[in-house]
Amino acid sequence: SRQVALGADNYEMERRVYERLASEMVVGTAGCLQITRDARTGNVVFVMEDLSVLPGAYSIDQWRPGGCSADEALAVARALGGLHAQYWQWSGALPAWLPRTDQIEARDAVGLAASCGDAFRSSYHYEVLGQHAREAVELALARARDLELALRAGPQTLLHHDARADNLFWGKAGVPAGVVFLDWQMVGQGVGALDLAWFSASSFLEPGEPLRWEENRRLCVAYWRSLVEGGVDAVRYPLEAAWRDYTLGFLWGFLVVTQLTKFGEPSEVVKAFCARVTHAMVELDAHKVPCQRLVGEPGVDA
């Protein structure tokens with residue numbers, strides 16, 4: 001809700017992105033013409049470029065059957081790889097105003113598992129799951145702390161933290177892969193592949209997709225190649241390290257959607273959202289992946 005966003009300083013964070021980072025980012029962002037902030041209320045007004053009138057630019061309905069096409073998903077993977085390579089830090093520091101993933105209430109796996117786990121077990125979302133999926137949910141909830149510790153170790157980068165189809169445009173000329181990223185309210189820092197996993201789980205493929213592993217492997221390969229093209233050392237961060245981070249991202253994504261129980265009786269969209277993210281974790285066996293990153297020995301940042 002708006003009050004939740006104000007309480008979390010989401011609009012202020014987005015203002016900082018457009019004022020401090022957007023001009024240097026290698027990904028597409030919407031042109032910001034004016035920003036006005038009311039210090040008393042915390043309200044921020046953004047006057048933005050109208051992407052809908054640009055030739056070739058388009059958005060999609062995140063909830064259309066199947067979500068994004070394979071080509072649209074690959075474009076997002078390539079664009080995110082470029083962004084994450086740009087801000088990649090093996091051991092150095094990103095700007096202090098960028099919160100870690102676990103410092104953002106709506107993205108804190110441990111906090112959400114603790115506060116929403118029981119409610120999720122009593123919810124419609126759990127009730128419709130089969131026994132195998134319920135067992136996966138229980139294991140996922142029990143591993144939240146291990147996951148957080150894994151995600152705080154190793155290289156970090158700038159994260160969007162909500163890169164799903166409703167916050168994207170495709171087809172803009174002159175930007176990497178034609179993808180434009182909107183709604184930077186949860187910007188922060190963490191493990192890059194979380195952004196791609198959140199996108200895939202929420203916006204690409206439906207529960208029961210027989211080619212889920214193959215399609216996600218293709219996305220991860222495209223993402224990793226984009227990272228390497230952007231300057232990330234492929235020896236210290238091989239493809240299997242990216243795949244491990246990516247699959248851990250599906251475990252993280254499930255823990256994030258447990259908060260949907262906070263918002264009352266679920267709509268059909270909320271049901272679809274939760275089903276996609278939950279089944280993505282289950283069908284990739286992400287709940288069983290070791291909570292340990294596969295990253296080479298630390299060295300000196302370039």
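1. Arg 107 lies over the face of Trp 198, 5.0 Å from the ring centre. A charge counts as over a ring if NZ of Lys or CZ of Arg is within 6 Å of the ring centre and within 35 degrees of the ring normal. Tyr 124 has a charge over its ring too: the charged end of Lys 271, at 4.4 Å from the centre.

2. A word on the basis. This is a predicted model, where local features need pLDDT of at least 70, side-chain atom pairs count only at pLDDT 80 or more, and totals for chains, interfaces and linings use all residues. Residues are numbered from 1 along each chain as its sequence is written, and side-chain values use heavy atoms, with hydrogens and water left out.

3. Rings of Phe, Tyr and Trp (its six-membered ring) pair if their centres lie within 6.5 Å; planes under 30 degrees apart are stacked, over 60 edge-to-face, the rest tilted. By this rule there are 13 aromatic pairs. Trp 88 and Tyr 237 have ring centres 4.8 Å apart and planes at 65°, so they are edge-to-face. Trp 88 sits in the loop between α3 (70-86) and α4 (109-121), and Tyr 237 in the loop between α9 (212-229) and α10 (239-257), so the pair ties together parts 149 residues apart in sequence. Helices are DSSP runs (H or I, at least four residues), numbered from the N terminus.

4. Trp 88 and Tyr 237 are both buried. Buried means under 20% relative accessible area, exposed over 50%, partly exposed in between (1.4 Å probe, protein chains only).

5. Trp 213 and Trp 243 also pair edge-to-face, at 5.6 Å centre to centre and 65° between planes. Trp 213 is in helix α9 and Trp 243 in helix α10, 30 residues apart. Trp 213 is partly exposed at 46%; Trp 243 is buried at 11%.

Notes
Helices (H or I, at least four residues) and strands (E, at least two) are DSSP runs, numbered from the N terminus.
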